[in-house]
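Welcome, and thanks for taking a look at this one with me. Below are my notes, in numbered points, for a first walk through the model.

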Amino acid sequence: MMLKDRKALFERDMDLEFMKEVHGIPGGDAIKRCIQCGTCSGTCPVSWAMDKSPRQIIAMVRAGMRDKVLTSNTIWTCASCYSCTVRCPQEIKITDVMYILKRLAMRAGQKKAKAAQVFSKTFTDLVRRYGRNQEAQLMTRYMLKTNPLGAIGFAGVGLNLFRTGRMPLGAKPIKDVQGLRRIIDRAQQLGGEG
Amino acid sequence: MSYIYYPGCSAHAGGRAYDESIQAIAPKLGVELKELEDWNCCGATAYMNVNEVLSFSLTARNLALAEKENKPVCTACSACYTNLAKTNVYLHKFPELKAKVDTALAEANLTYNGNVETKHFLDVVVTAIGLDKVKSLVKKPLSGLKVAPYYGCQILRPLSGEKDPENPVMLEQLLEAIGATPTKFALKTWCCGGSLMGTNDAVALRLCRNLLMNAVEDGADVIAVTCPLCQTNLEAFQPRVNAMFGTSFKIPVLYFTQLMGMAFDMPDRSLGLARSIIPLTVRSKPNPEVRA
Ligand code: SF4
Ligand code: SF4
């Protein structure tokens with residue numbers, strides 16, 4: 001993190017609510033133990049594409065810098081590979097921190113969250129409907145919603161998958177899809193994250 | 001040895017060849033796989049973006065169904081494996097989370113007591129069955145075939161415990177057991193960007209390019225994978241990698257189970273080999289040591 005950023009932050013500006021939200025995930029209060037060693041950033045296969053490294057993100061969360069964290073492209077670059085999580089000497093679950101930040105950014109309606117939001121929504125709608133993911137429907141629906149032109153790039157891929165029998169188009173719900181939907185509704189309510 | 005088999009959603013789509021080859025080789029290995037009745041999607045990485053309790057509840061439903069069968073669960077998809085293993089550990093470690101998940105499961109009259117063991121199929125083959133058994137089944141060793149052993153990320157994390165997440169060698173040992181030559185493949189545990197494809201293509205495609213480049217530079221004839229998402233990413237997206245980086249990769253990407261079936265001399269059809277977009281043309285080469 002820029003030293004400048006940190007200096008500009010007075011204690012009264014710290015967003016304590018933000019820290020509380022991150023601490024609230026299972027094992028979330030571990031971020032208090034971060035020693036800023038940078039192992040996470042060094043191990044991350046995509047840190048080159050991030051505007052803030054994972055280490056910086058952890059520091060900024062601890063400094064309560066909600067807006068700066070939630071507008072960073074870092075959370076949308078994280079590939080959920082868990083490299084950082086297995087290597088962090090302080091056993092901080094950085095991958096899970098990235099996940100909660102994604103959820104908070106989505107809830108705040110961040111622009112950068114749009115693509116992932118549409119993707120997740122399309123995915124979860126399909127699972128609610130069938131109990132399973134349908135790759136063909138997922139890709140087509142998602143593409144049509146976000147980037148009909150970009151779909152051309154995917155069309156070739158889709159065609160090859162279809163040709164080799166790897167993209168079935170039919171879909172049938174699982175037997176107890178009703179029970180599954182009740183679990184989903186209840187869990188969503190208990191999770192309280194919308 | 002008997003397991004409850006969790007195929008995961010791609011087993012019926014992008015990863016069909018994986019499922020087919022597993023079903024083909026399992027009986028030979030003496031592994032009984034009983035498909036988990038009425039299983040649901042594990043949520044992949046998408047659900048964690050929406051709601052954490054929901055994400056764990058989805059996986060817990062599968063574990064609850066499996067617990068009734070009183071056998072370990074085995075899956076071959078690394079993403080499913082990570083979700084199953086992670087859910088087990090978290091439910092054990094965080095009682096508050098478990099209480100919420102229990103309440104959600106109760107809506108479908110299910111309970112989960114945390115007694116299901118979870119295994120990746122690679123681990124079952126190498127650890128539970130053992131390489132001696134594998135060797136005894138080899139009829140057509142893949143002599144001279146250079147194979148890049150790709151683990152990817154999620155199979156080794158986050159909770160591999162006793163195994164080595166830094167420098168795993170299971171896959172190399174297995175490849176040697178079927179007569180193939182594993183290449184060095186320095187990036188073997190690097191992420192392929194699977195979960196980013198679609199939402200952040202530029203990053204995902206670059207990760208794929210790095211992996212393909214590393215495999216080709218090592219002289220690999222084929223990349224062996226342990227996850228249907230890695231397979232699709234590395235194989236089906238190769239043309240897009242080429243278009244983006246001006247490369248001309250054309251390297252086959254097969255499941256380790258397909259390579260095993262080939263060494264066991266099983267029919268191509270049973271191994272789903274025709275589902276390859278980039279087929280493997282060389283099967284085995286004259287053994288250089290014998291020739292010399
Ligand atoms: S590896 Fe862990 S302790 Fe080190 S900077 Fe990252 S989060 Fe902090
Ligand atoms: S989980 Fe995300 S932040 Fe951590 S190493 Fe992987 S891509 Fe980087």
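**Notes on the ligands, the chain interface and the domains**

1. Start at ligand 1: it has 13 residues around it, and A:C34, A:C37, A:G38, A:C40 and A:C88 come nearest. Here a residue is near a molecule if one of its heavy atoms lies within 4 Å of it. The shell around ligand 1 holds 8 nonpolar, 4 polar and 1 charged residues. In this scheme Ala, Val, Leu, Ile, Met, Phe, Trp, Tyr, Cys and Pro are nonpolar, Asp, Glu, Lys and Arg are charged, and the others, Gly among them, are polar.

2. A word on reading the numbers: this is a predicted model, in which local features need pLDDT of at least 70 and side-chain atom pairs count only at pLDDT 80 or more, while totals for chains, interfaces and linings use all residues. Residues are numbered from 1 along each chain as its sequence is written, chains are lettered from A and ligands numbered from 1 in the order in which they are written, and side-chain values use heavy atoms, with hydrogens and water left out.

3. Now find ligand 2. Among the residues around it are A:C44, A:C78, A:C81 and A:C84. Its shell divides into 9 nonpolar, 3 polar and no charged residues.

4. Next, how many residues of each chain are in contact? Chain B brings 66 residues and chain A 63, with contact meaning heavy atoms within 4.5 Å. The two chains bury about 5,800 Å² between them, 61% of it on carbon and sulfur atoms; buried area is the accessible area (1.4 Å probe) that two parts lose on being put together, summed over both.

5. Across the interface of chain B and chain A there are 4 salt bridges, each a side-chain nitrogen of Lys or Arg within 4 Å of a carboxyl oxygen of Asp or Glu. A salt bridge to look up joins the side chains of B:E52 and A:R103 (3.6 Å, N to O).

6. Chain B itself is divided into domain 1 (2-120) and domain 2 (138-275), with bounds from an automatic or database domain assignment. Their C-alpha centres lie 24 Å apart. The contact takes 24 residues from domain 1 of chain B and 25 from domain 2 of chain B.

7. Between these two domains of chain B, about 2,100 Å² is buried, and carbon and sulfur atoms give 67% of that. On the domain 1 side, B:Y18, B:I25 and B:S78 supply 25% of the buried area, more than any other three residues. The rule finds 1 salt bridge across this domain interface.
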